[in-house]
Amino acid sequence: ALGLTDPVIAYFGRMIPGKGIQLLAAALGRLKHKRWHFLIDDFGHNAATMGWLDRAIDEAGIRDRTVTFTALHDAMPNYMRAADIVVMPSIIKEQYGRVAPEAMACETAVIVSDAGALPELVGDAGIIVPQGDVVALAAAIVDLLDRPEHRLELASRGKIRAHEGFSIDRQAAILDGLFRQHLKGLP
């Protein structure tokens, strides 16, 4: 529906500089010799609050490959499934980073920075790069673009990991166990 014919590299999440979106734009700017589209939710994008992102996209020279969309929360899985690679290049300590398991559940390959809990979330089902390292981020993207079989393998492993470790049922069981443990210690 979006007219995306080349591999899709996507970012989903809050639009703040600490999430490293500008680093992803810079990494993609190094990969103009490859075929890809950059998919990003505009989250009510406006120049007054998002000028930094517009500048990063323009400085990287990727405006013509950037596709924005607006979607309600319940439509996000469709956009995640449309992506070949979802990138979380955060440069702030991530407490959880729910986009990673959501993208993995949608059977999409995931690249994350080593910020906070992101490496623990993806385990061996994603690629982990040093936070703030544009060269390493670009290399990880190229690897997945050049080796689609590896990308599909990661996506498959990610789906299994997400469903086994991060499903609603699994999260409810974990919380139930924590609550029961806490209640045992009360008088």
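Predicted model: local features only at pLDDT ≥ 70, side-chain atom pairs only at ≥ 80, totals over all residues.
Colleague: How many helices and strands does the chain have?
Modeller: The chain contains eight helices and six strands. In sequence order, these follow the pattern β-α-β-α-β-α-β-α-β-α-β-α-α-α.

Colleague: What share of the residues is buried?
Modeller: Buried residues account for 46% of the 187 in the chain. As for contacts between residues at least 6 apart in sequence, 70% join residues at least 24 apart.

Colleague: Which residues have the most contacts inside the largest nonpolar core?
Modeller: They are Ile9, Leu24, Leu28, Phe38, Ile111 and Ile141, in a core of 35 residues. Elements giving two or more residues to this core include strand E1 (8-11), helix H1 (21-29), strand E5 (109-113) and helix H6 (134-146). H6 gives the most, with eight residues.

Colleague: Turning to the surface, which residues form a nonpolar patch?
Modeller: Ile174, Leu175, Leu178 and Phe179 form one, with about 380 Å² of accessible area together. Leu178 lies in helix H8 (residues 168-184).

Colleague: Why is Leu178 classed as partly exposed?
Modeller: Its relative accessible area is 48%, and the partly exposed class runs between the buried limit of under 20% and the exposed limit of over 50%.

Colleague: How many salt bridges are there?
Modeller: The count comes to eleven salt bridges. In helix H8, Asp176 and Arg180 are four residues apart, so about one helical turn separates them. Their side chains meet in a salt bridge at 2.8 Å, N to O. Asp176 is partly exposed at 36%, whereas Arg180 is exposed at 53%. Elsewhere, salt bridges that share partners join Asp54, Asp58 and Arg63 into one network.

Colleague: What about Arg157 and Glu153?
Modeller: Their side chains form a salt bridge at 2.7 Å, N to O. Arg157 and Glu153 are four residues apart in helix H7 (residues 148-165), so they are separated by about one helical turn. Arg157 is partly exposed at 28% relative accessibility, and Glu153 is partly exposed at 41%.

Technical notes. Residues numbered from 1 in each chain as written. Heavy atoms only, no water. Patch = residues over 30% accessible without salt bridge, like charges linked within 9 Å, V, L, I, M, F, W, Y side chains within 5 Å. Areas by Shrake-Rupley, 256 points an atom, 1.4 Å probe, with all protein chains shown as cover. Salt bridge = Lys/Arg side-chain N within 4 Å of Asp/Glu carboxyl O. Buried < 20%, exposed > 50% of the residue type's maximum accessible area, 1.4 Å probe, protein only. Core = buried A, V, L, I, M, F, W, Y, C linked by side-chain atoms within 4.5 Å. Contact = heavy atoms within 4.5 Å.
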